[in-house]
Amino acid sequence: MIVKTQAIVLRMTPFSETSRVVLWLTRDHGKIATIIKGAHRRRSPFVGQVDLFYTCELLVYLRVFRGVHIVKECSPLKTRTPLRSRWRSTACASYFAELVARISPLYAPHPELFRLLDMALDYFADQSALELGLFWFELKLMKVMGLSPQLKECLLCHHPLKVGP
């Protein structure tokens with residue numbers, strides 16, 4: 001079955017001299033692994049189309065019995081160029097992408113998680129307050145996954161925490 005969806009590159013691994021395996025978080029199909037045949041060839045249509053943290057429009061042949069799927073077409077929607085030159089931003093983006101890759105199950109669509117990762121990568125590419133942003137996105141990730149902490153009372157004295165001014 002051939003499907004068209006938006007996807008974010010989480011991880012890339014060489015497969016052979018010319019091919020590459022890419023782990024994606026898709027908006028409609030969750031986390032999937034694909035192979036891009038001929039990605040390392042000089043005249044490949046995929047040259048410059050796929051890199052870490054790209055948000056792409058992906059045309060992929062999803063195999064019925066799961067496994068590694070085959071990418072037919074890929075066009076980048078967001079390249080996040082600043083992540084290629086700012087090492088602290090890249091480190092935060094790598095950490096968050098790896099965190100999402102580890103906690104999201106295969107083939108489980110989670111549009112809210114996709115939106116959060118897309119927003120986080122945009123933030124890391126454009127902002128300088130990285131530590132604060134990273135903490136905020138970790139809290140949002142816990143909320144999206146249903147693991148958010150209950151911050152209603154003090155852990156030591158059990159007095160209720162005041163909300164707002």
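A term to start with: buried means under 20% relative accessible area, exposed means over 50%, and partly exposed is in between (1.4 Å probe, protein chains only). What you see is a predicted model, where local features need pLDDT of at least 70, side-chain atom pairs count only at pLDDT 80 or more, and totals for chains, interfaces and linings use all residues. Residues are numbered from 1 along each chain as its sequence is written, and side-chain values use heavy atoms, with hydrogens and water left out.

Select residues 20–26 first. That's strand β2, and six of its seven residues are buried. (Strands are DSSP runs of E, at least two residues; helices are H or I, at least four; both are numbered from the N terminus.)

Click Met-12 and look across to its bridge partner in β2, Val-22. Five residues lie between β1 and β2 in their hairpin.

Next, show residues 30–36. This is β3, antiparallel to β2 and joined to it by seven bridges. Arg-20 stands opposite Ile-36 here, and three residues separate β2 from β3 in another hairpin.

Last stop: select 111–126 and 130–144. Helices α2 and α3 pack at about 180°, axes 11 Å apart. Axes are lines fitted to C-alpha atoms over the stretch in contact, and angles run from 0 to 180 degrees between N-to-C directions. So α2 is roughly antiparallel to α3, a label for angles over 145 degrees.

Technical notes:
Two strands pair if DSSP finds at least two bridges between them. Angles under 35 degrees count as roughly parallel, over 145 as roughly antiparallel, 65 to 115 as roughly perpendicular and the rest as oblique.
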